[in-house]
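Here are a few friendly notes to read alongside the model. Please keep the view open as you go through the points.

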Amino acid sequence: MNQTRSTCPYCGVGCGVIIESDGVQITGVRGDPDHPANFGRLCTKGSTLHLTASEAVTRQTRLLQPMRRAERTAPPEAIGWEPALDMAADKFAQVIGAHGPDAVGFYVSGQLLTEDYYVFNKLAKGLVGTNNIDTNSRLCMSSAVAGYKKTLGADAPPACYDDLKFASCLFIVGSNTAWAHPILFRRIEDAKAANPAMKIIVVDPRRTDTAGIADLFLPIQPGTDVMLFNGMLNLMLREGWTDARYIAGHTRGFDAIEATLGDCTPERAAQVCGISDDDLREAARLFATSSATLSLYCQGLNQSSSGTAKNAALINLHLAGAQIGRPGAGPFSLTGQPNAMGGREVGGLANLLSAHRDLANPVHRAEVAALWGVPDVPAKPGKTAVEMFQAAADGEIRALWIACTNPAQSMPDQATVRRALERCEFVVVQEAFSTTATCDFADLLLPATSWGEKEGTVTNSERRISRVRAAVTAPGQARDDWAIGVAFAHKLQARLSRPSLPGALFPYGNAEAVWNEHRESTRGRDLDITGMSYAMLEAAPQQWPLRQGETTGRARLYEDGVFPTPDGRARFVETPFEPLAEPREPRYPLSLNTGRLRDQWHGMSRTGTLGRLFGHAPEPSVQMRPEDMARRQLAEGDLVHVTSRRGSIVLPVTGSTDVGLSQAFIAMHWGGETVSGLSNSGERLAGVNALTSPSYCPDSKQPELKHAAIDIRKAELPWSLLAAAWLPQDTALAIAGALRGLMQAFAFASCVPFAAAGALETGSPGRTGILFRAAACEPPPEAVLARIEELLSLGGGDTLRYTDAGRGQRRAMRLVRNGDDARLEGFLLGGDTRAEAWIKALLQDRLPAQAFGRQLLRPGATAPAGVAARGKIVCSCLGVAQTAIDAQLAAGSGDEFQRLAELQGALKCGTHCGSCLPELKRMVRAVVAVHKPMVQPA
């Protein structure tokens, strides 16, 4: 068995992994005990990476050769690499020649490696001569970038993970860390256990699992973060909790912000935020008087039309209290993607240049031009993500190159994005997975390598650079992203009439050569890495800055109080409170919040291949407060129209007391790949981003994905369908793709995989479960139902049937003998689906079904004695369901610590990756609170 050290391709924590392989296939993965980001721990997503790289998954979902479409609506056909690159170069050269360099755009990804990013940045700005290159990091981190630069002078997170051990107050705002950054949350739990006196404040409109660890939870109204921070700073001034010496010696602009703070009294701030005066005062006291306060924040601050102001207002608090530049203190932005930091380092955004240089600065442009050997770098600002797709929809951008990202799922205002992709004359999609929604719009598809196949570097949230190593050779004809960019650049340069360009603009033979040029670009900059080398990174990850002659990087920044500004002082920034771009109003009375699920990643092109990762959140839904559901006469599971100003989608509704009044929550992962429906007007729309707003922060250009004003009303779709089956692993995902092609036949449809109960593997050896759910005003044509049955292998002699076409009733049950008994292998319920719970339990839990022949075909909801669904999976690693946990807790005794220990000892849940621990602890606390003896009055 071969072992290769690399990193996890999911969140920005940057966990180290050890990949096990047999030389051809990846066979296993475990956390790297020597990597300083995770010390061997992995979350549910990371610990299943090897399963997403299996031969069966690769064969069914990966793009394995270049493909082209003769017409947009035609199926793609195989083409060789050389003609594919010639085709791309010809088309881009034609568009550039006819309409200028700004008629093309490049949209890349925070999941690229730094070397990939560097090549595409140079390709656009150095060769093509356009700044129209942006990245999906614009959707996640650009407000953090702008906030750091405005206040501290550079895009450099000043803290590190070790600061958790030294903090006496932890301020978590706009981040469900327990789900979005599970391994970092394990370190928070460790820090709290080692120092019970540490106070944790969590600020979030939704009561997430992260809030479970809080000493103080502030459920503020959506979009009111700036008012909260300004109110806290107002109180700090009143109470003398600011550090006048630090402010005078290391900052500028404090006097100017006092006028802004005048209208943000604690009383008004609390009222606007929807919290109590006492809670706001306690938050300010803990933040300001703590010996060391560390803030952790993510999309709740960034994805906002006031994103830069939110970041800056929080940093104002740190500067005012001198809570920066020492162990345990500082504003620490958590990166959303595995290499969003690396992309920022190489200037992979439309307003940046290499090594944190600013595009608007002529000196910086000249420095980069000299490094690249080109006459100049264009000064005209490039189109950022939202602007780029709006420009394509308007016909201004005529050719798009999309690499390693899925804008047809992830961008806001999907109606505009899809219009852009349809109108664009030429769309190249460079991608590892052929199953993403964006692939459907491509004229040319180029296969790229993915996790376990790539060489290069990534940078995590704490500025730590790690080596990414290939464990196996690339499947099919897939190539590294940087190599695709270089090959295209060579062909394009030959076609462009640019005699002033050097002949060897892209002289790279391997990833290290690219990285060495990037390293040189950082010399003398705040992120100087001239002291690093690939050989040094082979030995251990390193933090920047690490200058030539130094042997170690810097764990935390600004310890000397000197900042990378012209005068060495940090800046206080005026942050007047601005309302949401789209406030609630009578037509749209609810606030939509979007966010992550615990076990899924972005558009699910990788995690969506594993049924076990759907155990915790099995299907798409919208969560609402039970009181809001009651006012609308909605019951659990009802289908509803969720409508914003941009579109309407259909989803099942579920009740949740974690959601605030007049608010709703939909996970960001649900796109057209898993859910489809008709709007109220009959338009076909899919996924949460049919609803979200393209409004963006004027400074960072990051869209307000975290909020949209919506309405929710019951969808009158009386005919329903549920079909599910166990299928061979080597065909299940392809069959799911075929089923998704039938979604268009229904007003609502979803298609997801599932798994049986089981420890650490898929649960059903050699098989994957696929579940298809749909609803409509009336039954679909017979051919559609017959095709669903055919795909799910429900057409043989082992299938029981019942059909009443006049009443729209249809049932099919496939039973396969297993010794003396029989097991349900697949079923279809059409019309009356009330028996779903117990029939799905028979299938998914592999229960004996021999005795239930007639009952399987009988209408109604009544379950046979002894058959009950397991309920939601809480522990994905070991397949432990909520019903088993509830039963164990009911039989247990003692305090929270004892009950949790009993639970883990009996069921083993929470003992593998630990991602479910916050939820387990919440369940334990609820039981202990119920059984806690009441204190009798004296």
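1. A definition to start with: two strands count as paired if DSSP finds at least two bridges between them. Please also bear in mind throughout that this is a predicted model.

2. I would then turn to β18 and its partner β17. Strand β17 (residues 426-431) and strand β18 (residues 444-447) run parallel and are joined by 4 bridges. If you want particular residues to look for, Q430 has L446 as its bridge partner in β18, and V429 stands opposite L445 in β18.

3. The other neighbour to check is β4. Which way does strand β4 (residues 67-68) run relative to β18, parallel or antiparallel? The two are antiparallel, with 2 bridges between them. Here R68 has L444 as its bridge partner in β18.

4. While you are at β18, do look at its two faces, as both are covered. L444 and L446 lie on one side, L445 and P447 lie on the other, and all four residues are buried. So L446, the bridge partner of Q430, counts as buried, meaning that its relative accessible area is under 20%.

5. Next, the aromatic residues. Searching the whole structure gives 21 aromatic pairs. One of them is F92 with F488, an edge-to-face pair with 5.5 Å centre to centre and 80° between the planes. This pair links distant parts of the chain: F92 belongs to helix α4 (residues 81-99) and F488 to helix α22 (residues 481-495), 396 residues apart.

6. Are the two partners of that pair buried or exposed? F92 counts as buried because its relative accessibility is 0%. F488 is also buried, because its relative accessibility is 0%.

7. F92 and F488 belong to one aromatic cluster together with F106, F120, W401 and F426.

8. Finally, two places where a charge meets a ring. The charged end of K122 sits over the ring of F506, 5.4 Å from the ring centre. R206 has its charged end over the ring of F665, at 3.6 Å from the centre.

How values were computed. Residues numbered from 1 in each chain as written. Predicted model: local features only at pLDDT ≥ 70, side-chain atom pairs only at ≥ 80, totals over all residues. Heavy atoms only, no water. Buried < 20%, exposed > 50% of the residue type's maximum accessible area, 1.4 Å probe, protein only. Phe/Tyr/Trp six-rings, centres within 6.5 Å; stacked < 30°, edge-to-face > 60°. Lys NZ or Arg CZ within 6 Å of the ring centre and 35° of its normal.
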